[in-house]
Every structure is written in structure tokens, then in C-alpha cells.
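Take the points one at a time and find each residue as you go.

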Amino acid sequence: MSSDTKTAASYEEGLQGASDKVAEFQEQKTALKRLQQWLHMTPSAVPMIVLVAAVITFGLLSPNFFKAVTLSTILQQIAIVGILGCAQSLVVLTAGIDLSVGAIAVFSSVLMGQFTFRYGIPAPLAIALGLTAGAAMGFANGWLVARIKLPPFIVTLGTWQIILAANYIYSANETIRSSEIAQHAPALQFWGYSIQPFGVKILYAVFLMVALVAALAYVLRHTAWGRHVYAVGDDPEAAELAGVRTRRVLIQVYTLAGLFCAVAGWVMIGRFGSVSPSASTGQLGNIQSITAVVIGGISLFGGRGSIVGMFFGALIVGVFEMGLKMVGTDPQWTFFLIGLLIILAVAVDQWIRKASA
Amino acid sequence: MSSDTKTAASYEEGLQGASDKVAEFQEQKTALKRLQQWLHMTPSAVPMIVLVAAVITFGLLSPNFFKAVTLSTILQQIAIVGILGCAQSLVVLTAGIDLSVGAIAVFSSVLMGQFTFRYGIPAPLAIALGLTAGAAMGFANGWLVARIKLPPFIVTLGTWQIILAANYIYSANETIRSSEIAQHAPALQFWGYSIQPFGVKILYAVFLMVALVAALAYVLRHTAWGRHVYAVGDDPEAAELAGVRTRRVLIQVYTLAGLFCAVAGWVMIGRFGSVSPSASTGQLGNIQSITAVVIGGISLFGGRGSIVGMFFGALIVGVFEMGLKMVGTDPQWTFFLIGLLIILAVAVDQWIRKASA
Amino acid sequence: MTQEPLLKAHGLVKRYGRVTALDQCDFDLMPGEILAVIGDNGAGKSSLIKALSGAIQPDDGQITLEGRPVRFASPLDARSHGIECVYQTLAMSPALSIADNMFMGRELRKPGIMGKWFRKLDRPAMEKFAREKLTELGLMTIQNINQTIETLSGGQRQGVAVARAAAFGSKVVILDEPTAALGVKESRRVLELIRDVRSRGIPIILISHNMPHVFEVADRIHIHRLGRRLCVIKPDDYSMSDAVAFMTGAKVPEEAATAA
Amino acid sequence: MTQEPLLKAHGLVKRYGRVTALDQCDFDLMPGEILAVIGDNGAGKSSLIKALSGAIQPDDGQITLEGRPVRFASPLDARSHGIECVYQTLAMSPALSIADNMFMGRELRKPGIMGKWFRKLDRPAMEKFAREKLTELGLMTIQNINQTIETLSGGQRQGVAVARAAAFGSKVVILDEPTAALGVKESRRVLELIRDVRSRGIPIILISHNMPHVFEVADRIHIHRLGRRLCVIKPDDYSMSDAVAFMTGAKVPEEAATAA
Amino acid sequence: DSACLITKTDTNPFFVKMKEGAQAKAAELGIELKSYAGRIDGDHESQVSAIEACIADGAKGILITASDTKAIVDSVQAARDAGLLVIALDTPLDPIDAADATFATDNFKAGELIGQWAKATMGDGAESAKIAMLDLGISQPSVDVLRDQGFLQGFGIELGDPAKWGDETDPRIVGHEVTSGNEEGGLKAMETLLAKDPDINLVYTINEPAAAGAYEALKAVGRENDVLIVSVDGGCPGVQNVKEGAIGATSQQYPLDMAARGIEAVAAFAKDGTKPAPTEGKDFVDTGVQLVTDKPAEGVESIDSAKGGELCWG
Ligand SMILES: Nc1ncnc2c1ncn2[C@@H]1O[C@H](COP(=O)(O)OP(=O)(O)OP(=O)(O)O)[C@@H](O)[C@H]1O
Ligand SMILES: Nc1ncnc2c1ncn2[C@@H]1O[C@H](COP(=O)(O)OP(=O)(O)OP(=O)(O)O)[C@@H](O)[C@H]1O
Ligand SMILES: [Mg+2]
Ligand SMILES: [Mg+2]
């Protein structure tokens, strides 16, 4: 009955002696092509180029720009956005978005301050509690996203409002003044201290930001967990089928993001001296960090991009803002030009990538 | 030489007389299951249910809530968000996002006002020019997204800033008074007029919003263009391969969105009487419209959802805000609760969908 | 050979970063024939037909259609020249219905005012047509014509894509592995459909890894290897074993075959 | 039959809205056998193996593994029981590299402090392993092991997925149409690989529309029709035509076969 | 009876305290108070919805600090038509008789006082001063413009369009930056202006939180002692900063007082329909503004920080 079983494969005789040769093609070797290829392989270099171009342009336009003070000021101005950007990058890599980053940062800083001054808790403990609270808020986001399967945008839109409102209600809009903190709880201002090599002031906060970026870059590239974050953002269903605990990864990502925001909150105290519930970061931190992330080349659809790119993105925005303000006069025009330059920066990025494809 | 050519198909003899029967399965007929199925087939019904529940709750909590006046006030309060929501829905359906909707609306209203009062252009012409300007701003967004292939988030983040700044600069922050407009250019206030059947005031703006929603719902469901919008949002590559002019559709969508925003700007003049460049819609219109869109069940990843859902989304937010105000909660508590309710509304939606899957 | 090729390509090159998918590739399609394209995985078959149908723009090389040089900027462009293609990735919108997908880009409008002025789609007509075409392919297991594509099984999706191309192609129909996910019955229907289309005078390019199918329906077989055309053979002149040997590099074809 | 089934399912039901994909379906897999599952498109084959591998949760029915009832909450769950599956959709992360995908969820860490404390991945080892496995499958046309999945041809992707399952499956390996997009040479390698795996004592479930392949390697053939098991046959007892006739409903199997 | 309080925002301590003052008074008089606020500075749309909610809710009166003094007029008229008493707090409407009464501080005057004080304190240095202007926001809400222009007028700088800041041509102005009226904004704006010109020696700030931020930036470059900071508001932390020398002078306003008097007026209106009468010689009830400084200057009336601390509002 099985007369036809073997015949079908008969034509496969042709396979005998099949070549296993791999195609070899001539490679392009001109310098330009090599540069293009390198850019293609190292996407985070693209924002770097935009950055360098921006720095040079502003240096030519404004004589004060190239002073070490200016550059160190830019670094300290982006410290907070940079740390929030780390949190945002993690979330965006999983194809999510976190609108609550700024709110978590501000509320955490308020909690640290109020714990110390309202309840008399020692500052280091208050800081620990504040960090825990930030992580808990992040966890809530993650739980809603991963377990209840709500869209991240809406979850964090909700928690943004909730946390910000809680922040005002809890603090009764009271600012804790810088001189009081310096006197009674200097630990809160730790990240505001600085070293001054060659007379250039560099805040501890700047070192912290750089360290966080480096650590995250390592984790994302060189550990299994980092790969899972990318996989979840790339195609969550495929990741799940391939054996990634997507929900756990998501919850971890949001919790870690919350923790980073709380760290940013602590840094805010150091940088601003005081603890203020109405800090603009609460309202604008999300947009600023998302801008850094997107200019840095991380895809809002998840799974693509690098944290180092985000760092350059934050720097680009910082340089543009400072440069424009130094060159220009009217804040309204500055605002206008920053809008233009955001678009331009990304357009240049896109153009370079296309050229190298 | 072709001895083996025909044998391969020999087993296909088995196909002779193959059945063409389609599987038939027993259908579930309990009332609950039917409801679930209906909900599943009619996703825009879900926000409607949330809405009805909210209305009933507030009706019980606040005796004044169920008055016709209150309900008509809610409708007029959401007119602008509803129209911006139409613009936002179109963009979100193509997997984009438009952060500039509010800015376009405010700037268009300012242009209409200034054209009339600064240059003495007759109001109807000034309105036409304002609408054209809005469409042009939308076109710029669309061009950057479709041609230069920049991410919509970053494009509209940039144009948001640009347009808002242009708005302040051009208008010199000057508000045009209601009484002046009423006297010299009543056409600008057209949508602020109302009819009063049974003593309940209903603004023309409300009718306009309903008409726009209905028209868009028709276009999206029943025309080829509407299907293309969905296809582009669903999978742009597939749509392109299947013969949709994705870039053209994108540009059209953003241009139309810009036009709708300009219409919203015109409606703003009617509703507030005056023309004010600092109207908060410029800052908050984007978040408000996105909230409506997302609560209404349109996926931010594109291709899924209906404009009618957005309408209910806007209504839900309007009812919550009004209800909480009437119950007398403190503003921060209102923000807090609205945040909570945004999450809850979407959670309920998700839960119903899951139950019926 | 006296006839001119209907669709012809010369020296196509396509690079993806460091990978060269098409390496000076030539191609000819005669009027009214079924041309099979076979080759190893990654040989560049899909890249070739993507270049022919406007889905990618080759870095170098010319394409001529009916003797006139053409450049397709997009699939729609190729389609307006009558070239219809089923891609390996199928090119369907997952959230839209079967009928929506079949008519994407060439929807039918209602007759009369509704269609002309309000541009209303003629859904019943589109659904009827879609159902007919699927029935021709024997895809009766699709229970509901309004199902979205994402709820179909892999084979069902492929069936829909094939039905679309066959129904609308006017000059050339290109099928990239149309039966890969199809069952025995459904594959048979596709082969019948291919013959049907040819009998309407329309030539077909068929990419397939299924040698029996290829040898059954093809008039000529284009053997692709390492990004270029190795040779073109007639199924009557060579056995399947030969073809397999050529495409895997086990044997080298004589000069004669290359010229065929 | 004296042996107990290794993996067994009874009365599985899965509904998608108004579509019933599995309708009281039964299933048995004996230790060390190659079991083929064949059926029309949309018959519910993929749904069946998704239920067996934890990718979907059936609405009703029981699954037993080695005599013990199990419930798989997720694919990872099934995998920790030694069940490895290649899905029809392949389940790969397009933007990640081949090695990353092959080791997803079971990455190798560097030895020593770097691995233990800094949890650093051992990329060289992973890449070496990945390259070996692909070479076993004859996927030499992959030019660069660090290519991302999205730049691979359809067949290359499938090869990577198959290599992954075969390399790691310890109790059951499930392959849903593993050769659908593969070339002649690559298909042959997969069949060899399947035999290899069996010779390691691991049973295999193979879904395929390719009758010659099925009849060549399968020990038993599960014929699926309209969401349920129609019968199980031995390839030696029936011809391909019979199998095709059963699965398409052209013939009805005798009682004996159903019990097999 | 119920009354509504509608403030510009409810994140600025100024308005928070205003609300507390109103609540205390309302509780005392047995009035139910519902409070609303815009979401950001300049948000008149939320204020319109709030007025509509008050009307729908049947309140007796509305106290409002208008975000846009012209744009809100129609809605206020609608409320008055519906029989509510509308009192403008802090900021007069435009025209001023659009409200039934106005209990306000003169923000222009507040700016003028610190301008005069700064000029007098700097003496001859005023001619070559380098001034940093830390304003509120780029939408230039009316308080922002009034305080800024008042300060410049008081300092003797020629104004361009008095309805707009930023169009002055005097070279003594290093630049205008916006701060959102908080410490963070003040700090960043100050850093930026310092980068632009490190020799700044006079800083105008929109409010005391912005001043505190500017002080931190100056401290960071070691210039906190040779730069003069002036501000407006007179909140308790601000007065404390005056005492400690961080802020040179601030114009103190009295939001608690305004709110309390507003509530009393609504209570009176609810009882017998009487409407409050304006201050003698003005078209509004002036709740006053005083300069708080510990370094009084010739020709500018002021109180010291101890007195200011007694009068401060939170
Ligand atoms: N978008 C892309 N980016 C980079 N490389 C690509 C891309 N698309 C294809 N390639 C590479 O080009 C080569 C040819 O791919 P192609 O898809 O044309 O092969 P194919 O002959 O169709 O193979 P199959 O039979 O497996 O479908 C492969 O090596 C593949 O990895
Ligand atoms: N997620 C889903 N939602 C709705 N219906 C579905 C879904 N997945 C599968 N189906 C339906 O269930 C039935 C069985 O699908 P399944 O994928 O199991 O078929 P199959 O036997 O694997 O077919 P093929 O050979 O084509 O892969 C089909 O009718 C399909 O349309
Ligand atoms: Mg291919
Ligand atoms: Mg299947």
C-alpha cells in the first residue's frame, strides 16, 4: 500500500555533493562608505555628531559659550533630565511610555524632605524611604501595565495626575528652605556638592548621571535581563513564546524606572537646595525626558536604541537651550528656535541613517 | 528524463470527492454571553457603559447634577476637546500622535482675530484664512512625518513649541475683547450662539461637534480613504505593498487634523467670546484630546478603534470633571480622582473585552 | 527564440549593508508563460521579485516591460502597470477584514449618488466577490468573511493573498511561495488557479521550494544561486535531481542551459 | 499497545469568539515516536499544539504529561517541563541577533566573577553554539551570525527557529510546519535533524502539509479535521492518497483506524 | 449658602494661602466654599468651566483671581446675569466694572516699590547696573507683565509697550528668562543669565520661590553677597529669606485678607443683597501692598522683616 512513499524524495538525489559555499561579495572600501557603515553599526554615534556640530556652531556664535563654566553649567542643568531619561529609556525600550517620571521625582523629593522635617526621621533613613516610595510608585505603574494589561500611556497619564495631586495635598504646597536643609539635614543636599578641578565646578550629580548611564548601558547590552527588555519591546508575543517572563520584566522595568525617578528627586534637592512641591519637573519632566530619549534615537515603538543615545539626546537639548539663550534675547524666540532645532536634530539623524543604509 | 515529474502528485488522488463542508459548532445562547458578544463586536459601546455608570453615580451624589442645564453645560464644555479629539483620533489611527493640536487651535483663533482687527479683513475671509493656516500647519506636520520620515511624536513636539511661540510673538500677548468682537465681527462668535429648546441652552458648537464626529465616523467606516487610514496605522509596510499611497494618506490625515484644529480655534472664539493667545488649550489641548482618544478605546499603536469611542471618551472626562466639581471636591482632589478614574475607566473597558474574548 | 520578453531585467544589484542580495542579476519573462524561480534559502529570490514589483529599488540595473524601460517607485506604481504580486510576508493589514484587504487600494463604490458624491463603499459587492474568489480556492473553512486577517490561520491568510493577486493581475502575476503554508487540497487549487491565470494569457512568476509543483506547472525554470541567475532550464530537458543539483551547487550546468 | 502515552490530551476545547478552533479534541504522543499531525488549513492543528505548549489556555479539557495532569500557564512553564516548540509565527524578536534569539530565556553567562556578580553574558560561547547549530542545518548562507532576525530571508528565519528547538528540547519537541519556507536542501536537513532528535530518545510532534515528508519520517499520523482528531494511522498501513482523502473528508476512516 | 473661589492655579503658595483664608472665613460664617483653579498660569478656560459649574450648582457668589482679565469677562457677565455676586480678587478685570467688586493689590505698584528701592539702594551704581529679569512664563500672564513693568518703571528704565515685557531696549537689562515661578525655574534661569553675563548685580524675580532659586545659583558661583535680589509676594518663607539676607526686598501682599473680605461680602450679599463699595478715590477695594526690607532706602516707605513676618501669609 505504501508504494508511493519513497518515490517523492527521489529528486533529492540531486543534493549529493551540494556545495556549502557561502556567497562572497566585494566589499566597499572607500573612506566615506566605511564611515557610513560605522554609523549604521553604531547608531548612538549619530546624536553625537549632531551634538558636536551644535557645540561648534554655538561656540562660533557666542564668545562666552566655549568657557568651561558654560559647559559645566550645561552638564549640571541636564543632570536631572539625564537621570529621568534613564528611567524613560528603560520604559520606552519595552514599547511603553512613562508620563509620570517627573511627578514621581518631585513627590519623592517632597517625601524625603517632609519625612525629615515633619516627622524628624534622620535624613539617610528618610532618603531610603523616599527611594522606596519612588520604586513603589513605579511598581504600581508596572503592575497596571503588566497585570491588568492597560496601555502604558493611559496608566502613567493617570498616575501622573494622581501622584502630582498627592504631592500637593500631602505637602500643603509648602517649600522647605535651602538654609534649613543645609543646617539640619545636609545629606539631602549630597548631590549638590561639587569638586572643582582646574577651577571648573562639577557637581556630584553629574558624576551620578554618567555612572547611571554607564551602568544601564552595560546591563542592557551585556546581561540576559537587558536582552529581555529589548525582546519585550520588540515583539511581546514572540518574547513570551520564546520563554521570556514578559510580565515580570515589565514590572521590574517600571519599578526600576520609579527608583531612578526617586534618585532624580534626591538629586533635585541637592541641585535646587530647597524642596519644592511645585518644581516644574513635575509638569515638564516627562516631555523633557521623552525628548531626550527620542532625539537620542530610541524608537517609541520599543526594542531599538541605546541608553547612550539618550544621554547625547539630553546633551543636545541642553546645549541648544543654553546656546540659544546665550545667542538670542527674547525667551519666546528661544522657545521657537528650540522647537525648530528639535526637529532639525532628528531630521539630520534620519538623513545620516538613510545615507548609510 | 522527466520520469519523476508526474509521480509526485500521485497521492493527490485522495482529493477526489473531498468534502467542502464547513465546520459547524454550537453557539452559546445565554443572555450574558450574548451581551459579551455584542460588546465584543461593538467596542465603542464599552465607553458608553462607563459613561452611563458615571452619570448615574454623580446624579446620586449631587442633586443638581441631573438638571438639563448641567448636562448641556457639560456638552458645551467638551465641544472643543471633542473637535480636537476628532483631529487627534485621525492621527492616532495612523499610529501617530499629534502634540500640536491645541497650539494650532489657539494660533488659528488668534490669526482669525488679528486678521480681522489688525488688518481689517472682513471676518468671513479672516476665518477662511485662519482655517487655511491651520490646515497648512497640519500639512507641515504631515510632510515632516511622511516625507522626511520623522517620528510623529518629535515632529509635533517641535511644531507645538514653534506654533505656540509664534502665537505669542505674533499676537504680542494681546487679548481681543468679547464686546469688540460682538460689535465688529460677530461671525467670529458664530459657534457661541445657541438655541434654547425647552429652556435648555445648546450651543451651535455642540451641534458642530456631533456633526463632525458623525461625518468622520462615516468616512472612516464607509469610504476607501477611511479604510486606508486604518491600513496605514495597522501595518504601514503591508499597506504600502498592498497599494496604499501611505505617504499621501499620512499627509492628508495631518492636514485634515490641522483643519479640524483650526475649526476648534474658531469654536473657541464663540465659546469664550474673546480671542486670547494664552488660552490653556495651547498647553493642555494635546493631553486632553489624547486622554479622550485613549479612554475611547483607540489604540495608540494605530489601526484600531472608532471615532465614536473618542466622543464617549471626551464625554466621560467631561462628566467626571463636572461631577466632581459639583460634589465640591478640592481641585487637587479632583485631579487625583480624575487620574484614578482614567485608569479605572480603561481597566473596566479592558475587563469587559477580556471577559468576552 | 523569436518572441521578445514581456518583462526583462538586466544587471540588477541590491545591497543591504554588508549583505549583497542581488549581484548583477538578469531575468526574462516571456509572454504567456509560467516561469518558476527556484533557489536555496537566502539566494535572493524574494529580493529579485521585490525589485520587479517596485517593493524595493535596486541599486543598479535596468528593468524593461514590453520593451520599454521602467522604474517602479512603489508597488502601486508596478500595479498600475498590471504587475500584481503576492509577497512572502503577504502584505495584509491584520486588523482589517478579508474583503477590506482584498480590495485595498481599489475599493468598489456604490453606484449612484452615494458612491459618486459620498464615496460610499459597496460592501455587499466586495464581500460577495471576496467570497467567490476564496471559494474558487477551496478556502471554505473560513467561517466568516468579515473575520479580521489576524484571526485566520497561517494557510488561510496565504489563500487570501493569492486570491487577491490572481483576481486582479492584468499583465504579470508574481507569487512568492504561494503554497508554503497551504494544505494539500488548497495547494492543488492554487496550482489550478495558476493554470487558469495563464490560460487568460497572463504570464506568471512562481517562486517555490516544492519541486514536484514546479516541474508540474512551469514552462521554464529560472535557477537562482548566490544572488544571480545561474541558468534557465526547461522542465522537459532536465530531471528534478538535476535542478536540485544546479541550485545547490552540486553540479554546474552546461553553457547551453544558461542560454535557454 | 502496552506503553503509556508520554503526552496526552483529552477533550480540549478552544473558542475564539464565534469560531471554535478545538472541539473536544483528543491527542496522544508515545515515548520516542515521531507523530505527524496533518489536516486542512484552519483545521485547528496550530491551536492544538499551542494548547499543548502553554501558548494558549484551552477552555476545557485535560493534558497529562507522563501520567501526571498538568496545566501550562505559559510557554515558559511548558518549557520548564521539557517541551520545546517551534511556532508557525516563529516567535523571534526581529531587532535582536540570531544568537540572542536562540538563547532567549536561557542565556549563558561568563564563568567567574563577571558572570556571577556582574551577570555578564558569554557572547563568544553563545555565538559559537549558534553557528554550530545552524551549520548542522546547512544554513551556511547566513553571512553573519550577528545579523538581526529581521534581515534574514523567510527560510533562514525558520531555520533558526528549528535549530533552537532541536538544540534545547529535552522531553518533547514540537514543530509547526518547520519546512514550510525551506528549500530542498534545508528541508532535507530538518528531516535528518528530526531523526537525530528521535534517536536521542525524544519524541517529536511534526505538523506538515508535505505528505512525502510526513510519510517518510512519521511513526504515526494524527489526522485532524474540523477541530478534532479524526483518526490516527500508521504510514505503513495506508497510502498518502488515503491520508489525503481522510483529512479532506473525501473518505471516512474505518473504526479500526480511529482506535490506532 | 455656598460660594466659589476660583484661583489661577492651586500650586502657587499664594493661592493656596488665599484658599485657606477663604475657607477659615467661610467656616466661621457658615458658608459652604467650593474652590477651583486653573491647571497652569494663564489658564482661563478652566476658569470658564469653573464659573459654569458654580452657576449650575446654584452658588451665591464667586471670588475669582482671573487668569486672563479680558477673556473671562463674558463668563463673569453670564454669572452675574444668573444672579451671582462676582468679586475679582487680586487681579482687576478689564474693564474693572465687569465684576461687582474688586479686592485687589496693585501688582504694578508692587513692582514699582521694589524698583524704586533697588534704584535707591544702588545709588550711582544704578546707572551701570546689570539686571537679570526672572519672569513667569512665555505666555506673559497679566501679573507677570504688571510686576515686571512696574519694577522697570520704578527703577527708571524706559518701557516699550507696557502691556508686554521683553521689548525694552535699555542695555542695562542682560536678559529676560522665564521661571514658572518656582525654585527650579529660578535656578535655571539665573544660571543661564549668568553664563550670558557673569557680572549681573541686580535680579528682579516674579516671586519669592524664583528668588530662592536665583539665590542658589548665585551662591554656587560665590556671588550671593554682591548681587541684589528683589521680589514680590511677602509669603513667610520669602520674608524669612529677607531676614537672612537672601532677598534684598520684597513687596508684600495680603491674600488672606483679600479672601476673607471677599467671603464676608458674599455672605452679606446672600443675606440682603448689599454689594461692597470700593475704596475711597479708587475703583476697587485696595487691600494694600508694603515693601519689606531690613535695609530701608531713602524715599521708599517700608517695613522691616520682623513686621513683615507678623503680617506674612504662610
Ligand atoms: N532588509 C534586509 N536587510 C538586510 N539583509 C537582507 C534584507 N532582506 C534580505 N536580506 C538578505 O538578502 C539575502 C537574500 O534574501 P531573500 O529574501 O531575497 O532570499 P530568498 O531567496 O527569498 O530566500 P527564501 O527562500 O528563504 O525566501 C539574504 O541573505 C538575506 O539575509
Ligand atoms: N486568535 C484567533 N482569533 C480568532 N480565531 C482564530 C484565532 N486563531 C485561530 N483562529 C481560528 O481557529 C481556526 C483554527 O486555526 P489554526 O491556526 O489552529 O489552524 P491550523 O490547522 O493550524 O491551520 P494552518 O494549517 O493553516 O496553519 C481557524 O478557523 C482560525 O481562523
Ligand atoms: Mg524569499
Ligand atoms: Mg497552523
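1. Start with a group of three: A:Arg177, A:Glu180 and E:Glu244 are joined in a network of salt bridges. Keep in mind that you're looking at a predicted model. Over all chains, a search of the whole structure turns up 56 salt bridges.

2. Next, go to chain A, where the side chains of A:Asp234 and A:Arg304 form a salt bridge, with 3.5 Å from N to O. This pair links distant parts of the chain: A:Asp234 sits in helix α9 (residues 224–234), while A:Arg304 is in the loop between α12 (281–295) and α13 (307–327), 70 residues apart. Why do we call A:Asp234 buried? Because its relative accessible area is 15%, and the cut-off for buried is under 20%. A:Arg304, at 33%, is partly exposed.

3. Now for a pair that crosses between chains: B:Arg227 belongs to helix α9 (residues 224–234) of chain B, and C:Asp100 to helix α3 (residues 98–102) of chain C. Their side chains meet in a salt bridge at 2.7 Å, N to O. B:Arg227 is buried, with 8% relative accessibility, and C:Asp100 is buried too, with a relative accessible area of 4%.

4. Last stop, chain E. Here E:Arg147 and E:Asp233 make a salt bridge, and their closest N and O atoms are 3.3 Å apart. E:Arg147 is in helix α5 (residues 142–155) and E:Asp233 in strand β9 (residues 228–233), so the pair ties together parts 86 residues apart in sequence. Are these two buried or exposed? E:Arg147 is buried at 5% relative accessible area, and E:Asp233 is buried at 3%.

Terms used: Residues numbered from 1 in each chain as written. Chains lettered and ligands numbered in written order. Predicted model: local features only at pLDDT ≥ 70, side-chain atom pairs only at ≥ 80, totals over all residues. Heavy atoms only, no water. Salt bridge = Lys/Arg side-chain N within 4 Å of Asp/Glu carboxyl O. Helix = DSSP H or I, 4+ residues; strand = E, 2+ residues; numbered from the N terminus. Buried < 20%, exposed > 50% of the residue type's maximum accessible area, 1.4 Å probe, protein only.
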